[in-house]
Amino acid sequence: MAFFDVLEGAEPYPPTPMAATNSSDDDSRSCGPAAGVVDWRAGAPLPADRATTIPELVARCVAAHGDATVLLDEGRRCSWRDLDAWSSRLASALAEHLPAGERLAILAPNGAAHLVVELAAWRLGAIAAPVFTGFGDARLRELMSELAPRAALVADAAHVRLLPAGCLAFAPERLWELATRPATQSATAADRPVAADTACLILYTSGTSGSSGTPRGVVLSHDNVASQQAAFAMLWPEVGVGDRLASYLPWHHSFGSLAERLWALCRGATVTLVPGGGRDRQRFIDTMRAVRPTVFMSVPKIHALVIAEEVLDRSCLKWAFTAAAPLPEALFSWYAAAHVPVYEGWGLTECSPSAVITPPGSRHEPGVVGQPIPGVDVGVERGTGRILVRGPNVMLGYFKRESPCLARDGVRSVLDSGDLGAWTDAGLKLSGRADHVLKLANGEKASAAEIEAILHAHLAVHHAVVAVDGELIALIEPRHGHAGVEAVDAVRAYNAVQAEPFLRIARVHLVAEPWTIENGHITASMKVARGRVLQSWRSWRERGGGGFMVVDIRAG
């Protein structure tokens, strides 16, 4: 692919205004702004002299950690001084093609090229938009049509045809030619001024609730991103130069790009990229063993893998972090026996992404995900239990869509997350999602999320979705290496402790084929696409076939 493949036939795209009125969350939930009395808790104040834009943040990183190796991408070693110089040269090359406020799509895997093109876009006051390429051609074409990028980094030449007419496409090879060529002008000549509220990033959410699972673009500002880095620095000041992370979490998702990658880089730690983004199990295991991470951030599924494969070196692991779903108690027990602290957190793409994290030294309590992070207020609405978030981390809005769960509280945006919870002495305790409260035939209600969390805690259950079909049912994918009967035993154990008969699961539907990203049952951020799973189950119920095996356990 040439440096710029110009797709002819369209006029330049006008800048798209970023609406910042009313919102929802990472899971395409439908919810309304809270109107009742809210019990707020506030995080510690952020430093008055903190960075409020990404260029300012980068400048501080160059000054503090300029020559330290912060990124290892197979054979390429990157320091902050390298990243700064490369992104400056690339920004100069892109400047005439990428006006301020326009979008630059990234159809490329985790890697140094991905990071450098983001930094270049931010220098130009443009908006980086990394997109998961596993969505498939049809969905990618739709997203590119909506995004209307002026330029795109494209790793797979086959994806060029999915870009809108008029988009300028370039390959990673050409990026490196431009980024590493001898500088012919001032390193900051192409830089444009940006403000704290300037849009800088669009992250497409998972879309787990709706039947279509259509992602929505969350628009984040410079200060959304910068405020999180200031909060993380206050929470974990012990992490810095000399620390090591093995990174596989995808950079098109907020957990991987902002809560792991950018935070670690800003601390001067060394991030080693797992080849293939962690999709090759053996390469992931081999990289983990070679890196010997001092900090490990992941989701429960991968925590289970690294523990089972014994790849963590407990002699150097300072702590582990878990998010996205409840971590089974057996895994907490393993970390406790190894004397490795485990932090939990809760958040969503729409709050950049963290809102609460368990404080250092706090005792683990099931279901409790922590206290508000510095700079952020978290509230629980009385009567409904809806969790609200306000602070510099709350998104600007959704790209080209209304945001019905974003309200204003004076000068601050308030996000209605759609999640439910309650305050305890230990912190925020989650109780499910407003759109996952199931109404039973007898008029009673049950929380699908609470029941699913209990089932997920069983080692034989990989994924579970609880629904109503006259009575409660559970759709379950057994964990690899475990028989279906073991997963059914998990349901029997749940039923055995339910005093109310209507809270017992009547039937288990064991899936015949694993839920994957490719078949649409798992999202790009490795969550269950609940709406898609239920759609598949309803289709099976109507038409039959081999999609599920039914186990009636009422007699048990």
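Visitor: Which residues does histidine 222 touch, leaving aside those up to four places away in sequence?

Guide: This is a predicted model, in which local features need pLDDT of at least 70 and side-chain atom pairs count only at pLDDT 80 or more, while totals for chains, interfaces and linings use all residues. Residues are numbered from 1 along each chain as its sequence is written, and side-chain values use heavy atoms, with hydrogens and water left out. Taking contact as heavy atoms within 4.5 Å, histidine 222 touches Thr52, Thr53, Ile54, Pro55, Trp122, Val194, Ala195, Ala196, Thr198, Ala199 and Cys200.

Visitor: Is histidine 222 buried or exposed?

Guide: Buried means under 20% relative accessible area and exposed over 50%, with partly exposed in between, using a 1.4 Å probe and protein chains only. Because its relative accessible area is 0%, histidine 222 is buried.

Visitor: Which backbone nitrogen does the side chain of histidine 222 reach?

Guide: Isoleucine 54 is among the residues that histidine 222 touches. At 3.1 Å, the side chain of histidine 222 reaches the backbone nitrogen of isoleucine 54.

Visitor: How many residues of helix H9 are buried?

Guide: Helices (H or I, at least four residues) and strands (E, at least two) are DSSP runs, numbered from the N terminus. The cover over the buried residues of H9 includes helix H8, strand S13, strand S14 and helix H10. Helix H9, residues 300-308, is mostly covered, and its buried residues number 7 of 9.

Terms used: A polar contact is a pair of N or O atoms within 3.5 Å; within protein, one must be able to donate a hydrogen and the other to accept it, and residues adjacent in sequence count only if both atoms are side-chain atoms.
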